[in-house]
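Please read the following briefing alongside the sequence and the structure.

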Amino acid sequence: MAAACFTHPIDLIKVHLQTSTTRKRALQTAREIVREAGLPGLYRGLSAALLRQGTYTMARFAAYDVAKDALQRRRRKQKQQANGADRNRLGGVQVGLATLVSGVAGGVVGNPAEILNVRMQNDQTLPPHQRRNYRSAAHGLVSMVRDEGPRALAIGLGPSLVRATLASASQFVSYDVLKARLLAAGYPDSPPVHFAASFMAGLVATTVCSPVDVVKSRTMAALRRRPSDTTRSGHSPSMYRAFASIYRAEGLRAFFKGWLPSYARLCPQLVLTFLIYEQLRKYYFSRFSTAP
């Protein structure tokens, strides 16, 4: 959550760029926000961002570690007769399964907070009569369920699940691989290694997740501004149709709108998150480890 507070203004700029159908620059967007709402406008929707961090991010980290530990215990049982040094190392299939579990858990648990985060950040770009004017995350949840029904909590769930899975795979796997390479090269398991691995993981994750992130942001921001603003079936359009619509209207570059602020947000957030997480795992989580 400390990382979310630090990077929230950059995340706000990213959402504005992703939901815009015109080409804008990050600095231009920041000036427009400050001109309209002052410096506090850069922290619009912070309560939703903190709720998202406390649900989506924590669920992903917890599910990934639990899945990895369970798979490692199973692998140890299967190879309890082996004496090789790599007997606990997970293969590609096991790592993929752990990231899938992590992505699904994060996507499902964090989707309502993700909707609130996008809507509260994007509200300033809408005409005054179309703004939702959520005062806080709690007020937004109540208003969303009251005005749109409980099914509104699942708006954009498809892109959210895909993005969460891609985020888990690109962040956790690239971090684990890069960290393992650095440790194998003789560097100690220390904060500088964690910093370097998380820094590069941010670059990988930003690029991999950008197209789905754009689709997710637009789906959550634009759908059901009022109860009558639904598709004929009452559901959001398919992710394929959303991809196709953006590509036809704006081309391939539209899927990488907001890439720079995305990386500027994600990189320090990942660095701070992994640095804190590694210390927690070393000094706190190890107390509950079941490893022999």
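In this predicted model, helix α6 passes helix α9 in a right-handed crossing, a term for the near helix being turned clockwise from the far one by less than a right angle. Helices here are DSSP runs of H or I with at least four residues, numbered from the N terminus. Residues are numbered from 1 along each chain as its sequence is written. Because the model is predicted, local features need pLDDT of at least 70 and side-chain atom pairs count only at pLDDT 80 or more, while totals for chains, interfaces and linings use all residues, and side-chain values use heavy atoms, with hydrogens and water left out.

**Contact of α6 with α9**
- The residues in contact (heavy atoms within 4.5 Å) are Arg163, Gln171, Phe172, Tyr175 and Lys179 of α6, together with Arg265, Leu266, Leu270, Phe274, Glu278 and Arg281 of α9.

**Asparagine 117**
- Asparagine 117 lies in helix α4 and is buried, with a relative accessible area of 2%, where buried means under 20% with a 1.4 Å probe and protein chains only.
- The C-alpha atoms of asparagine 117 and alanine 137, which are 20 residues apart along the chain, are separated by 8.1 Å.

**Asparagine 122**
- Asparagine 122 is found in helix α4, which covers residues 92-122, and is likewise buried, at a relative accessible area of 3%.
- Leaving aside neighbours within four places in sequence, asparagine 122 is in contact with Val15, His16, Thr19 and Ala221.

Terms used. Helices (H or I, at least four residues) and strands (E, at least two) are DSSP runs, numbered from the N terminus. Buried means under 20% relative accessible area, exposed over 50%, partly exposed in between (1.4 Å probe, protein chains only).
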